[in-house]
Amino acid sequence: MAYEPPVTDYDEIVENGTCAFCGCNCDDLDFLVKDGHVVGVRHACRLGASKVMEDMDQRLLVPMIRDENGELQEVDWDTALDKAAELIANAVRPIFYGWSETSIETMKHGIRLGELVGAVLDNQATICHGPSLQAVQNVGYPVATLGEIKNRADMIVYTGSNPMNSHPRHLSRYSTFPRGWFRQRGRFDRTLVTMDPKYSDTAKMSDIWIGFEQNGDYGFYNAIRAALRGKEIDQDFVSGIPKEDIMELAEAMKNVQFGALYFGLGLTHTLSKQRNIDMAIEMLADLNKYTKWVLTPMRGHFNVNGFNIFMAYEMGFPYGVDFCRGYPRYMNGETNTIDLLTRKECDVFMVIAADPGAHYPGGAVKHLAEIPVIQVDIHWGPSTEIADVVLPGSFIGVECAGTSYRMDGVPIHMKKAVDKPETCRDDEWIIRELHERVQKIKAEEAAVASK
Amino acid sequence: MEYILKNGIVYDPANNIAGEKKDVMFKDGKIVEQVSSDAKVLDVTDKIVMPAGVDPHAHIAGPKLVVGRIYRPEDSRKGVTSKKGVCRSESGFSIPSCPATGYRYSRMGYGTVTEAAVPPLEAKHTHEEIMAIPNVDVTPLPLFGNNWFVLQWAKEGKIDEIAAFVASWLRIVKGYGIKIVNPCGTEAWGWGGNVHGIDDPVPYFDVTAREVVRALAQANEKLGLPHSIHVHPNDLGHPGNYPTTVNTLDCVKDIAKNGSKRNQTIHLTHAQFHSYAGTSWRDVESGAKEVADYINNNKHVTCDIGQVTLDETTTMTADGPMEFDLHELNGLKWANKDIELETGSGIVPFIYSGKAPVPSFQWGVGLELFLRIKDPWQVCLTTDHPNAGPFIRYPRIISWLMSNERRQEMMDNGEVRVWSYKRTGLGTLDREYDFNEIATITRASAAKIYGYQDRGELTPGYNADIAVYDINPNDIDPSKEPAAIEHAFGNAMYTIKDGQILVKDGEVVKVVPSHTIWTDVKGFEEQEKTVMEEVMPTFRRFYTVKFENYQVQDHFTPNPIVTEVQAGK
């Protein structure tokens with residue numbers, strides 16, 4: 001990594017900006033602005049800073065529609081919105097997917113549109129922390145805000161997660177390094193444990209690394225639970241870990257003052273999926289008989305939690321909500337995006353601030369290539385390649401304001417720092433326009449039908 | 001637009017109108033004395049007319065609710081309805097979605113609801129949900145009873161600092177008054193502990209619930225807030241907790257009231273959960289008589305009940321340790337949500353079955369309190385929604401209160417177990433509420449307790465928030481017809497909010513945005529400035545958000561009703 005001199009050439013600093021990258025939503029960023037562009041970011045990690053500063057890289061700037069030759073052609077906003085509205089209004093089984101990198105304000109228009117046409121609204125939880133939410137529905141959800149951990153925790157456990165790479169400021173701003181009220185010496189007052197088959201960058205800096213076998217999560221947490229409950233462990237090794245070590249670890253976890261467990265996709269996507277997390281949550285409940293423990297899922301996108309929260313307070317269910325019958329339905333395996341796509345049910349797909357082209361399994365992407373896809377996003381990506389209508393949005397937290405929810409549920413108002421490119425529109429505006437245009441088409445249809 | 005509600009039988013306890021046949025007139029959203037001959041006539045001959053309902057304590061919006069909804073899809077599925085007319089889809093039974101919450105309150109003739117526990121750090125979330133709730137105005141109460149700043153100042157007896165802090169924080173988070181939940185106990189839960197009784201000091205801060213409650217009560221009266229402190233005392237749900245309750249109420253007895261409309265200096269919430277005698281669940285007895293006696297003899301106290309409705313529900317409270325105990329007791333899934341520097345909370349599903357002794361006992365204790373507290377102005381009808389049952393059961397509770405026969409029948413035919421009368425005094429009480437007392441406990445007393453100057457009465461100049469119920473009070477014996485009473489109070493003939501007809505014949509016909517009611521203290525700016533200088537270094541070091549992003553920006557309360565208070569006046 002070459003040395004980069006600090007940025008000194010800027011016009012103004014916008015303080016307390018929020019990072020629109022991972023679920024940490026760090027809200028202490030200083031944006032260095034010159035000529036209406038962010039040329040430097042202070043306090044952010046490399047991931048966050050590069051997302052903010054390289055905002056013009058492969059930026060979608062104009063609305064586009066795919067022509068009969070399969071080429072995306074620039075069009076004006078009216079044409080693009082009308083085309084998208086027509087597709088949505090005539091759809092039988094539309095899916096509106098994404099939402100995790102846009103604001104709650106945008107979702108408010110999205111849900112109204114979804115209710116109007118009977119769409120499925122789903123977000124990235126369906127392919128990442130969906131199993132966590134299923135586990136939460138099975139056995140519970142003992143969480144705390146990040147500041148509780150910063151101020152109190154003397155043991156931090158990361159499992160199935162490598163925050164040094166995925167959430168780089170998680171340790172430094174929230175969990176491990178900062179000096180807390182009861183942890184005045186910061187890192188020195190805490191024990192950092194990584195439970196992960198991989199010797200990850202987080203494991204490298206941990207006090208304890210427990211490298212259980214791949215897919216060994218379920219057995220390993222079960223064994224800890226057995227140890228906590230005073231049961232004899234029959235096998236000498238569980239998931240590759242000697243039973244003495246498991247007993248010792250269980251004892252250590254019992255004897256902390258305040259423990260925090262963070263888990264990531266390493267838990268949700270190994271063999272036992274949500275059952276891994278069932279076990280981890282139940283282990284937490286067991287530990288709370290002795291001392292205080294809390295957990296938090298390491299949410300990826302900055303507002304992925306926000307969509308789950310938003311859908312729950314609007315309609316009672318966190319994701320995969322199907323309005324096709326005129327009322328909200330939530331049934332895992334039935335109303336989730338991947339299932340609908342692989343069953344080839346969906347006939348129009350709108351993606352807002354997400355990249356299914358890059359993330360979905362092959363079968364699902366194959367169906368996407370066969371149906372009309374509307375993309376609302378700020379960057380060119382694999383999803384643009386399969387999109388039939390492209391509507392360029394703006395960058396929440398930099399170019400427009402909006403509300404988001406941090407991984408621990410703390411709501412943050414992300415403010416605006418610079419103006420968006422002239423030809424782009426705010427996501428909120430785009431979805432509202434679509435809603436109004438679809439409403440108009442529906443009203444005309446109703447008028448014709450009644451004649 | 002002018003309206004005249006003609007020939008209704010009016011119950012307006014604040015104006016001493018108890019079942020008089022008279023017209024109620026309103027114009028441009030306000031009650032008026034006279035309307036012109038152009039006024040639209042709504043014929044409500046011989047129907048009950050009351051001010052719209054005021055709920056003094058419910059949990060309807062905020063982070064706890066959403067955790068409940070996310071982790072209990074089985075509850076959300078129970079109340080699903082199709083979109084219909086002006087209404088969007090509903091979902092949920094004990095934790096309805098936001099639109100459903102608004103519609104359901106509206107159908108019962110309610111106009112104002114308190115959201116009783118707002119963690120300041122997540123106040124924006126509460127306000128977002130309030131925006132999503134239509135048709136009822138919402139009064140959020142921020143939590144102060146375990147706030148680290150408050151705990152430290154309470155220890156040092158710095159009342160001025162607490163008062164200034166409260167004044168600032170009400171403005172910062174757009175809150176109405178001071179809510180205290182298990183003072184010191186929730187902070188102890190930060191270490192997995194709890195406090196027992198009001199003189200048990202919390203670890204590290206070394207301050208007791210008595211000191212915290214007194215300090216906040218003094219600060220409340222110093223500012224002269226419209227509402228008193230709103231207290232959920234220690235030891236909720238523990239057999240033998242009634243002395244803690246009485247001691248909590250008694251510890252603020254000497255503090256002089258400073259608020260124009262209300263009489264009380266302490267509001268005891270969900271009194272039912274705090275009125276148990278005995279030492280364990282084996283020998284538990286009702287402590288309702290002792291608590292009711294104290295309330296009857298002390299005018300500085302008001303309460304709401306938290307009546308158990310015998311349903312499967314979702315308990316949720318900022319009393320984190322209590323919820324973990326409950327999870328240990330019933331084994332159902334446990335959610336917890338601790339908030340840095342401020343508070344905690346827990347959520348556990350609970351099945352209040354009339355087939356089980358403990359819920360039957362709790363059902364009896366709640367009703368016993370209702371029947372023993374003599375002055376209806378000191379008591380309000382609540383279920384501590386959703387903790388003792390969902391708010392949609394209010395009409396059923398009204399039918400129980402109005403019918404001794406129905407209560408006796410339930411005890412006789414096994415709808416509730418013998419503990420409902422063997423362990424409580426309910427079997428010996430044959431009092432029956434009349435319509436005027438019902439009007440008091442469901443609207444007038446709550447409005448007075450909150451010091452509202454614009455609702456809860458049919459006084460000219462007040463908001464035209466009116467409920468009409470399709471029963472002729474002179475032609476029904478509530479004692480004999482509980483089902484008819486429940487149906488009528490559950491399906492308002494009209495619900496009128498700010499002069500607009502929102503419900504007609506039990507159906508929502510119009511949807512309007514809700515208002516957020518909050519308190520802006522004036523005249524304390526100097527003290528606030530000083531205290532903020534003291535707070536900020538700690539804030540910067542120990543919170544995980546920047547102060548700029550902590551505040552609730554104005555756009556989170558698009559329809560505010562700001563109650564301005566002159567500090568000390």
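**The contact between the chains**

Mentor: Strand β8 of chain A and strand β16 (residues 334-338) of chain B run parallel and are joined by five bridges. Within this pairing, A:Y141 lies opposite B:A335 of β16(B). The model is predicted, and local features need pLDDT of at least 70, side-chain atom pairs count only at pLDDT 80 or more, while totals for chains, interfaces and linings use all residues. Residues are numbered from 1 along each chain as its sequence is written, and chains are lettered from A and ligands numbered from 1 in the order in which they are written. Strands (E, at least two residues) and helices (H or I, at least four) are DSSP runs numbered from the N terminus, and two strands pair if DSSP finds at least two bridges between them.

Chain A gives 51 residues to the contact and chain B gives 47 residues, where contact requires C-beta atoms, placed from the backbone, to lie within 7 Å. On the side of chain A that touches chain B, the elements giving two or more residues include α3 (104-117), α4 (130-139), β8 (140-144) and α13 (304-315).

Within chain A, strand β1 (residues 12-17) and strand β2 (residues 29-34) run antiparallel, joined by four bridges; A:I13 has A:L32 of β2(A) as its bridge partner. Two residues separate β2(A) from β3(A) in a hairpin, and A:D35 in the turn has a positive phi of about 50°.

Terms used: Two residues are in contact if their C-beta atoms, placed from the backbone, lie within 7 Å.
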